[in-house]
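My entries follow in the order in which I made them.

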Amino acid sequence: MKKVLFFSAILFILPTYASAATIYVQSVKAPVKDSPSFSAKTLWTAQRGDRLNYNKKKGDWYLTKNGHQKGWVSSFLVSDQPPMGKISRLAKTNVSLSRSARRRPSSYTTAAAARGLAEERARKGQTRYRANYSDLDRVESYSFDESRLSKFLNEGGLQ
Amino acid sequence: MRDKKIYIALSLILSIFFVTSPIEASNKFRRRGDDRLQQVTENDVKAEIEFGKILAAKILGRYRLYDNKKANEYVNLVGQSLVRYCSRPELEFHFAIIDTDTINAFTAPGGYIFITTGSLKRMSNEAELAAVLAHEIAHVTEKHIVKELNIKGTDDSAVSTMSGMIKSMAGGGSLEVAFLELAERGAKMLFEEGIKREDEFQADRHGLLLASQVGYQPSALRHYLFVVKKARQGEKSGSIAKTHPQFNERIKRLVKIEKDNGLGSVRGKTLERRFKANIKI
């Protein structure tokens, strides 16, 4: 009886601790360290989109496993969802406000139209806080290719 | 004797289980909470970007864009260096300098980040610039404004702020008005009220870790806050003192984060010469 009770207790407890959760690398790369510290040795480097399992969290670090090797990855480089691809802003639609205004919005299309119209009204200055879209267009135009960014990182001795 | 050993072993196992299972249950509950918040759709992200664009335009309606291509490109390069390690690869981040002596930086959801010339004047190196930009990036990655205003891609959600606002408008309420009203609230939050105190602390934490990950000196944000603390007297409206928590508390917490993450002994890059070659304000 005592033995049955003993093994039942173990069987009851084990699943709680044996389960591992899944996380995905969101950053371009994620160093996995031999202890939960930035100054620790890097064991291996995971890449964006890599799926990792963890069964322990300590502060800002997850304990993950690669084959037989265990290591710590910083929690702010990962998430529990796979990384999304680049998402651009909405395409404007031609749904008229008069048609969509007095019914309960139930689709994303009407929501998109409303946002477009909200921007239009903001552009015309019909709000308390004035908007400046011409300068915003300039801000959105700042761009450079990956090779220039790589050069910038290398020159600064950055990761 | 053998029975006694079994009893002791059994008691120990059950004790460990009953002591740790509430912690595990609590952690699971938190994870469920996080999962709920992170169950975002592509439409949610598109709404966030759209909303952020309106808010960014309002920031530029209040403060003039600093007209210096070299300086703006440099700030973008530093910002994009950080973005590579951030947790929102789906967003296109934009960085720019706004021309005001006010010491502050502003963030709009979707990845729009602005730093003032007043802030740049008080910085002594690139690590400090990176630390401030990383703090602002963290506001975007942690969706502080998006969560506060409950911005969603679909508006028929029972919990959507936008949906609630439309319902409360007696006749004639429209989604366009609701969206615009939310943008006004967002602007008020940025310019007058500031982001929640706990969200600021979280942005400090994530920002410090992000900048350190890229290779910048971990103590840079702390050093910059110390300089700003001394300079803040005489600041006008819109200053960092008005929209951010007390400096002493922030500095104290940053010291602890550095210690907890083994950053105390890390010597990162400061890149003072490169900063001074690009920022001449």
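**Entry 1: a helix contact across the two chains**

I began with helix 5 of chain A, where Arg148(A), Leu149(A), Phe152(A) and Leu153(A) touch Glu73(B), Tyr74(B), Leu77(B), Val78(B), Gln80(B) and Ser81(B) of helix 3 of chain B. I sorted the residues of this contact by class and got 6 nonpolar, 2 polar and 2 charged. I note here that the model is predicted.

I then took the geometry of the pair. Helix 5 (residues 146-156) of chain A and helix 3 (residues 69-83) of chain B have axes 10 Å apart, at an angle of about 85 degrees. An angle of 65 to 115 degrees counts as roughly perpendicular, and therefore I list helix 5 of chain A and helix 3 of chain B as roughly perpendicular to each other.

**Entry 2: chain A overall**

I looked up the make-up of chain A and found 5 helices and 7 strands. Along the sequence, the pattern of chain A reads α-β-β-β-β-β-β-β-α-α-α-α. Of the 159 residues in chain A, 41% are buried. I also checked contacts in chain A between residues at least 6 apart in sequence, and 47% of these join residues at least 24 apart.

**Entry 3: the sheet in chain B**

What is the strand order of the open sheet of 3 strands in chain B? I read the order as 1-3-2, with mixed pairing. Strand 1 (94-98) and strand 2 (105-108) of chain B are the edge strands, each pairing on one side only. On average, neighbouring strands of this sheet are turned by 20 degrees against each other, direction ignored.

I went through the pairings one at a time. Strand 1 and strand 3 of chain B run parallel and are joined by 5 bridges. Ile98(B) has Thr116(B) in strand 3 of chain B as its bridge partner. Strand 2 of chain B pairs with strand 3 (residues 112-116) of chain B in the antiparallel sense, over 4 bridges. Here Ala108(B) has Tyr112(B), in strand 3 of chain B, as its bridge partner.

Next I looked for helices on the sheet. Helix 4 (residues 133-141) of chain A packs on it and touches strand 1 and strand 3 of chain B. The direction of helix 4 of chain A makes about 125 degrees with that of strand 1 of chain B. Helix 5 of chain B also packs on the sheet, touching strand 1, strand 2 and strand 3 of chain B. The direction of helix 5 of chain B makes about 30 degrees with that of strand 2 of chain B.

I then asked how many of the 5 residues of strand 1 of chain B are buried. The count is 5 of the 5, so strand 1 of chain B is largely enclosed by the rest of the structure. Both of its faces are covered, with His94(B), Ala96(B) and Ile98(B) buried on one side and Phe95(B) and Ile97(B) buried on the other.

**Entry 4: helix 5 and helix 9 of chain B**

I followed helix 5 of chain B to another partner. Helix 5 (residues 126-141) and helix 9 (residues 197-214) of chain B pack at about 125 degrees, with their axes 7 Å apart. That angle makes helix 5 of chain B oblique to helix 9 of chain B. I recorded the crossing of these two helices as right-handed. The residues of helix 5 of chain B in this contact include Ala130(B), Ala134(B) and His135(B), and those of helix 9 of chain B include Ala203(B), Gly207(B) and Leu210(B). By class, the residues of this contact divide into 8 nonpolar, 4 polar and 3 charged.

**Entry 5: helix 10 and helix 12 of chain B**

Helix 10 (residues 220-231) of chain B packs against helix 12 of chain B at about 165 degrees, with their axes 10 Å apart. That makes helix 10 of chain B roughly antiparallel to helix 12 of chain B. The crossing of helix 10 and helix 12 of chain B is left-handed. Among the residues in contact are Leu225(B) and Phe226(B) of helix 10 of chain B and Ile251(B) and Leu254(B) of helix 12 of chain B. I counted 8 nonpolar, 1 polar and 4 charged residues in this contact.

**Entry 6: positive phi in loops**

Lys143(B) is not a glycine, yet its phi is positive, at about 55 degrees. Lys143(B) sits in the loop between helix 5 and helix 6 (144-149) of chain B. Is Lys143(B) buried or exposed? Its relative accessibility is 12%, so Lys143(B) counts as buried. Leu271(B), also not a glycine, has a positive phi of about 50 degrees. I placed Leu271(B) in the loop between helix 12 (247-260) and helix 13 (272-278) of chain B.

Technical notes: Residues numbered from 1 in each chain as written. Chains lettered and ligands numbered in written order. Predicted model: local features only at pLDDT ≥ 70, side-chain atom pairs only at ≥ 80, totals over all residues. Heavy atoms only, no water. Axes fitted to C-alpha atoms, helices over the stretch in contact; angles between N-to-C directions. Parallel < 35°, antiparallel > 145°, perpendicular 65-115°, else oblique. Left-handed = near helix turned anticlockwise from the far one by under 90°. Contact = heavy atoms within 4.5 Å. Nonpolar A, V, L, I, M, F, W, Y, C, P; charged D, E, K, R; others polar. Pairing = 2+ DSSP bridges. Buried < 20%, exposed > 50% of the residue type's maximum accessible area, 1.4 Å probe, protein only.
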